[in-house]
Each structure stands twice: as C-alpha cells, then as structure tokens.
Amino acid sequence: MNEKILRALVEAGAIKKINIRAKGSTIYVEAYSGSQAITATTLKGKLKTWGTIDSAAKWVRSLGVGEMRLDVVSWQPEQRRLQV
C-alpha cells in the first residue's frame, strides 16, 4: 500500500497499529487494519524501505501516527544490503 492510501487510512482511523520491522539490513513498515498486515510500498509497488530506524520512525510520525512498535529480532545492523 503506497503512502497516499496509507495516509488516508490513518486519517480515517482505519489503521489500528503500526510496526517497524528490521530484518537483516532491510527496514520496512507494516500497518494493521484489524488483524491483517498491510506493508508500505512505493508508488511502483515495491517494498518501501529505509536506511535507518529513525528515518522509518520519522516517516511513520509524518503520517500522523504517534505510537508504533519496533521489531528488531532479526535485525543485523552491520549486514550489507543485497544488490537486486
């Protein structure tokens, strides 16, 4: 789900919680509408990722969300990204 749609859902109160997940070197955002996870994507439909946890948190805050959960169980901060 791209930023424009996600922002509209947040404003409508449809998003119940947001998780910032870090797996390997990839940091991404999942939003929950009920029990279903919706992953943030770019306008082209690819997974939206961030280079740092604080930049992901700033983006979530810019959506109007003040509370989020951070999941770093699988995070490897020194791992290099794979070139795709």
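**Salt bridges in a predicted model**

Asp71 and Arg21 join their side chains in a salt bridge, 2.3 Å from N to O; a salt bridge here is a side-chain nitrogen of Lys or Arg within 4 Å of a carboxyl oxygen of Asp or Glu. Asp71 sits in strand E4 (residues 69–75) and Arg21 in strand E1 (residues 17–24), so this pair ties together parts that are 50 residues apart in sequence. The model is predicted: local features need pLDDT of at least 70, side-chain atom pairs count only at pLDDT 80 or more, and totals for chains, interfaces and linings use all residues. Residues are numbered from 1 along each chain as its sequence is written, and side-chain values use heavy atoms, with hydrogens and water left out.

- Glu30 and Arg21 are both buried, where buried means under 20% relative accessible area, exposed over 50%, and partly exposed in between (1.4 Å probe, protein chains only).
- Asp71 is buried as well.
- Through shared partners, the salt bridges join Arg21, Glu30 and Asp71 into one network.

**Pair in helix H1**
- Arg7 and Glu3 make a salt bridge at 2.7 Å, N to O.
- The two residues are four apart in helix H1 (residues 3–12), which means that about one helical turn separates Arg7 from Glu3; helices (H or I, at least four residues) and strands (E, at least two) are DSSP runs, numbered from the N terminus.
- Arg7 is partly exposed at 24% relative accessible area, and Glu3 is partly exposed at 29%.

**Count**
- By this rule there are three salt bridges.
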